[in-house]
Amino acid sequence: MNIGTSTLLSFLLVLLLSMTTGCTRSSDDPAAGSAVTDTGGSASGDFGPPQGEPIKAVLTSPPDVPPPLNRSHPAKVIVELEVRELEKEISEGVTYTFWTFGGTVPGSFIRIRQGDTVEFHLLNHPDSKMPHNIDLHGVTGPGGGASSTFTAPGHRSQFTFKALNQGLFVYHCATAPVGMHVANGMYGLILVEPPEGLTPVDHEYYVMQGDFYTVGKYREKGLQSFDMQKAIDENPTYVLFNGSEGALVGDKALQAKTGETVRLYVGNGGPNLVSSFHVIGEIFDKVWFEGGTRFQENVQTTLIPSGGAAIAEFRLEVPGSYILVDHSIFRAFNKGALAMLKADGPENKLIYSGKEVDADYLGDKAGSLTAVSEAVMARAQGRLTKEQQISAGKAQYTGTCSVCHQGNGQGLPGVFPPLAKSDFLMANKRRAIETVLNGLSGAVTVNGKQYNSVMPPMSQLTDDEVANILTYAMSSWGNQGAAVSKEEVTQVRATTKRAEGAAE
């Protein structure tokens, strides 16, 4: 072998070794994203037979999470999960028949340890009208358990699996038509802890997104049924956290204190949409993307696929209300994908000195919608009063109109015209209704002053919402007008040409 050939071979050998070394990260390398040396996949997840007496799993309803297992050995864990078909509220004054695991959407949170042997019992309540089963993404085996758990109403099924892979996994119903079962709320999360457990945090919460398809439009009152065509077209009426609009706001908001760490187990049941999960005002210190064993650091927004999950951790530095959204932002403010985490504690002006304003982010979700429910009930009973409309309209105005026209109806000088003592608003009731439904663009004169701005069409509002908001506006701030009825709005909507971009 000549010198040139030997040198070339040596160079190639060194290059190959350096490439191999460069592709291998040690367990303490932050870029490796895990404190675990090597998770090894399912081949290393069998830690032998279960030890000790069987354990009945603690299941929790969202947003609660079962406590850490603090167990150093694999066990036989018995999980019992009941399917219930229940009519529940999906939005204020709107009900829907959900199909549930454990009576909630999402279903009960399941927490086990890698290497556990799980004896799974699926019960289908006798009142159910449909057969159901369960596909757990944390199961190694065909169908994830679906073929072993097809369960008729009033029956129960059982199968056993070993949890070989650690991570956060979705489970869902897989009975045909699968999409309909999932769209009706049949999904949840199962956490398979690593053998050494997870790092302790101050709070753990369970949040899961889902898209829902109703025959009626967004916030249309009464019992709504499933719309198969909307689901096929992937055009949801609602996109929600934990199964209902407002499930995690107000008195139901998640709670923490400054200086505490929060871990969110976030799932996406779908059935169709990918979630762009974001917490307004926080940066995730760590995100275990797709529910796996490696984490990314300093993340603003994380994608969660339909049928996928993520774990997000962060520390709260300053007090306030932190808003959880799907950052496909129309879903947050126009379809319901919005939740809240309230942090109490002393202010830290060095980190954040601004004044918190929830209304810009929350709209009508910042306050109580009790008056809306009362108005809906009164209308159904044929006894709706103008005063009830005004109360409901005030709550709805807060989330729809107050950012531009202000809470006191004064508008913004030179930008948005006032509604208070407004000659333009009060001159023509039909024109007022048309303006809300179809929007208004161009110059108008209000109280002797000219304004030239754009009001977008608000025809996504239901007829009773338009009626309540206008009744409130035309009866407040010095205005003295008659009530606007739902029937009047219905008539105007049916007889006016939709503006381009207006909702049908």
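Modeller: A residue is called buried when its relative accessible area is under 20%, exposed when that area is over 50%, and partly exposed in between, using a 1.4 Å probe and protein chains only. This is a predicted model, in which local features need pLDDT of at least 70 and side-chain atom pairs count only at pLDDT 80 or more, while totals for chains, interfaces and linings use all residues. Residues are numbered from 1 along each chain as its sequence is written, and side-chain values use heavy atoms, with hydrogens and water left out.

Colleague: Is Phe120 buried or exposed, and why?

Modeller: Phe120 is buried, because its relative accessible area is 1%. Phe159 counts as buried too, because its relative accessibility is 10%.

Colleague: How do I describe two aromatic rings that lie together?

Modeller: A pair of aromatic rings is described by the distance of the centres and the angle of the planes. Rings of Phe, Tyr and Trp (its six-membered ring) pair if their centres lie within 6.5 Å, and planes under 30 degrees apart count as stacked, over 60 as edge-to-face and the rest as tilted. The structure holds 16 aromatic pairs. In one of them, the ring centres of Phe120 and Phe159 are 5.9 Å apart and the planes stand at 45 degrees, so this pair is tilted. The pair links distant parts of the chain, since Phe120 belongs to strand β5 (residues 117-124) and Phe159 to strand β7 (residues 156-162), 39 residues apart. Helices (H or I, at least four residues) and strands (E, at least two) are DSSP runs, numbered from the N terminus.

Colleague: Which residues do ring pairs link into a cluster?

Modeller: The cluster consists of Phe241, Phe277, Phe284 and Phe314. Both Phe241 and Phe277 are buried.

Colleague: And how should I read a sheet?

Modeller: Strands of a sheet pair through backbone hydrogen bonds, either parallel or antiparallel. Two strands pair if DSSP finds at least two bridges between them. Strand β4 (residues 110-113) runs parallel to β9, joined by 4 bridges, whereas strand β8 (residues 167-172) pairs with β9 in the antiparallel sense over 6 bridges.

Colleague: How many residues of strand β9 are buried?

Modeller: In strand β9 (residues 187-193), 7 of 7 residues are buried. Ile190, one of these buried residues, is the bridge partner of Ile110 and also of Phe169.
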